Amino acid sequence: MNDLNEQYDFIVIGSGGGSMCAALVMRAAGKSVLILEKTALIGGTTARSGGVMWIPNNPFMKRDGVEDSLEMATAYLDAVVGDSNDAPGTSAARRLAYLAEGPRMIDFLTAQGIKLTRVPYWPDYYDDRAGGSVPGRTVVAELFDVNELGAWKTRLRPNFLSLYATLEEALKLPTFNRSWKGKMVMAKVALRTVTAKLRGKHYVTAGAALQGRMLQAALRAGVHLRSESPVTQLIVENGAVTGVVVEKDGKTHRISSRIGVLVNAGGFAHNQRMRDQYQPGTSANWTLSAEGDTGEMIEEMMKQGAAIGQMEEMVGNQISIPPGAENQVIKPVVQGLTAAPHAILVDQSGARYMNEAGSYMAYCKAMLERNREVPAVPSWAIFDSQYIKKYMLAGTMPGEKKPEAWLRDGYLRKADTVEGLAAMLNIPPSALKATVTRFNGFVAQGRDEDFNRGVRAYDRWLGDPYHHPNATLGEISQAPFYAVPVLPGDVGTYGGVVTDAQARVLKPDGSVIPGLYATGVSTASVMGRAYPGAGSSVGPSFVWGYIAANAALGAV
Ligand SMILES: Cc1cc2nc3c(=O)[nH]c(=O)nc-3n(C[C@H](O)[C@H](O)[C@H](O)COP(=O)(O)OP(=O)(O)OC[C@H]3O[C@@H](n4cnc5c(N)ncnc54)[C@H](O)[C@@H]3O)c2cc1C
């Protein structure tokens, strides 16, 4: 092993959400920082993601005159997350630290020149609970011209969206055929694209805009970053973490840290062995997370005595895999499919079993739970011709002709009657007919008596704003009738090592492993077993990175 005598004040493992945030805090205090990234690309799943951060009471809400407070946000988290008996990542102290430091972290990034803003209308996922907010608590980055990164441009992980559109605009685009707003957004995005090309700009959006801006600030601040540098071990001396062992160019090096090491190395979504152990019934083939999400740093921290929690949890994201998409890195997400009017989700017996307009985490959790009693993986999205004309389906636009292979290979099932469709799905025809008839009855009376779909503002946000009287309730009544399979995919895992209110990694007895900090999905989430609002994964990764760096500085 090579000891290059390299020493930094602070070392960060992984270049995810919290890593560059922590590094900027260290640089602002005049400390040297090294970020070691395993893959060739910087930014982690965070760069690929929507880049949305759930930060209640954030400065942009104040700017826009939107009501929020620490008390409201605390009441909300208490109501949604509940007690922490079986979720050691969440505790009153950790929730308070998250909510108090989140707005400070945003102020800090803004002062570093990172251009952020909020999405005005994005209801919390349980907006009807105490302290819930209908106006957005979400913070996002402004579009970023990746050319500003110069030689680093090609080293930023690309986003799942390649449009020159903000996330908010992208969400409105599918309504272009039915609304003036949709048409205007489409025209605006088209104009921006043409103008950008003429002016030599290359915009990236969502998570890539966030991480592009963070990378730019980190480089300007003198943070050292090395890609293709997997960390394989933590160096521990007298019980304290004092450095790392890293592979670089086929050689093994030791690098030491004076103040501490922060693990921001993602979760274990691509590690089928760990999934089988902690999340049986889920598949690494269904995850949308980046390929570096292989869990070895969680296992290394466990070797050094770290406690773990919430390992059964993932941030589920319902997907559907049409022919040809089996090997796609990002499989088609169908979050809106069964939340839109004229569609429901049923298990393999033909029964509805959830509010289909709930959060993606709750949706996939419900699928996996149902599957323990009745086969429900896959479940079937059932919809009619009104749906297919108006809404997107597995990545195709509303009304667009569906590929021949979809019908030929039995991915998209189509029949003239609900009973005929049921027969194609091996569901008792009378059972599916009864389910559809009951749902249509709820639509007629404007109330889903079984699951309250459409009661929350969030449900209606996920539905169709142009469908009245309820944006998520519409009859399944016009032939032909269709079905596609829906699977419990995910955007990453949500459990890991247990940390305290200063992001320090803890042992099972509650004592601290000195020098070791962790953030992001390498940790047991502060959100426990729930997903309170958009950005409940990237937000915590940033906030705990910020907290870790400040705590490490305070501990020197
Ligand atoms: C399409 C999509 C959209 C999403 N949208 C959102 C959203 O808008 N808001 C939200 O909150 N969540 C969203 N998510 C989920 C979210 O992106 C992730 O949960 C989150 O980004 C995880 O962040 P992180 O900082 O923990 O890890 P990451 O951002 O994944 O970073 C971890 C990094 O560590 C590296 N690494 C791993 N092991 C090692 C090692 N041994 N040595 C060195 N480096 C290592 C990895 O390669 C990776 O680059 C989305 C996910 C996807 C896929």
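**Entry 1. The ligand shell**

How do the residues of the shell around the ligand divide into nonpolar, polar and charged? I began there, and I note at once that the model I examined is a predicted one. I found 14 nonpolar, 23 polar and five charged residues in the shell around the ligand. The shell comprises 42 residues, and the closest to the ligand are G14, G16, G44, G292 and G520.

I then looked up which elements supply the shell. At least two shell residues come from each of α1 (17-28), α2 (44-48), α10 (296-303), β17 (481-493) and α17. The largest share is that of α2, with four residues.

**Entry 2. Overall dimensions**

I recorded 17 helices and 20 strands in the protein. Along the principal axes, the C-alpha atoms fill a box of roughly 75 × 55 × 50 Å. I compared the radius of gyration with the value for a compact globule: for 556 residues that value is near 24 Å, and the protein has 24 Å, so the two agree.

Of the 556 residues, 55% are buried. I also checked the contacts between residues at least 6 apart in sequence, and 75% of these join residues at least 24 apart.

**Entry 3. The largest nonpolar core**

Which residues touch the most other members of the largest nonpolar core? I found I13 and A381, in a core of 167 residues. Helix α17 (residues 538-555) gives this core its largest share, nine residues.

I listed the contacts of A381, leaving out residues up to four places away in sequence. The residues that A381 touches are V334, L337, T338, A343, L345, A483, V484 and V486.

**Entry 4. Strand pairing**

I turned next to the sheets. Strands of a sheet pair through backbone hydrogen bonds, in parallel or antiparallel fashion.

Between β4 and β5 (residues 138-141) I counted three bridges, in antiparallel orientation. In this pairing L116 stands opposite A141 of β5.

V246 has H253 of β11 as its bridge partner. The hairpin of β10 and β11 has two residues between the strands, and D249 takes a positive phi there, near 50 degrees.

Strand β11 also pairs with β20 (residues 512-518), through three bridges and in parallel. Here V263 has A518 of β20 as its bridge partner.

**Entry 5. H342**

Is H342 buried or exposed? I placed H342 in the loop between β13 (314-319) and β14 (343-346). H342 counts as buried because it has 26 C-beta neighbours inside 10 Å, against a threshold of 20 or more.

Leaving out residues up to four places away in sequence, I found H342 in contact with F383, D384, Q386, Y387, G474, E475 and I476. I also took the C-alpha to C-alpha distance from H342 to A306: these residues are 36 apart in sequence and 48 Å apart in space.

**Entry 6. Backbone geometry**

Most peptide bonds are trans, and most residues other than glycine have a negative phi.

For positive phi I noted two asparagines. N238 has a phi near 50 degrees and lies in the loop between β9 (231-237) and β10. With 6 other C-beta atoms within 10 Å, N238 is exposed. N452 has a phi of about 60 degrees and lies in the loop between α15 (429-445) and α16. With 15 other C-beta atoms within 10 Å, N452 is partly exposed.

Terms used
Residues numbered from 1 in each chain as written. Predicted model: local features only at pLDDT ≥ 70, side-chain atom pairs only at ≥ 80, totals over all residues. Pairing = 2+ DSSP bridges. Core = buried A, V, L, I, M, F, W, Y, C linked by C-beta atoms within 7 Å. Buried ≥ 20, exposed ≤ 12 C-beta atoms within 10 Å, placed from the backbone. Contact = placed C-beta atoms within 7 Å. Near = placed C-beta within 6 Å. Nonpolar A, V, L, I, M, F, W, Y, C, P; charged D, E, K, R; others polar. Rg over C-alpha atoms; globule rule 2.2 N^0.38 Å.
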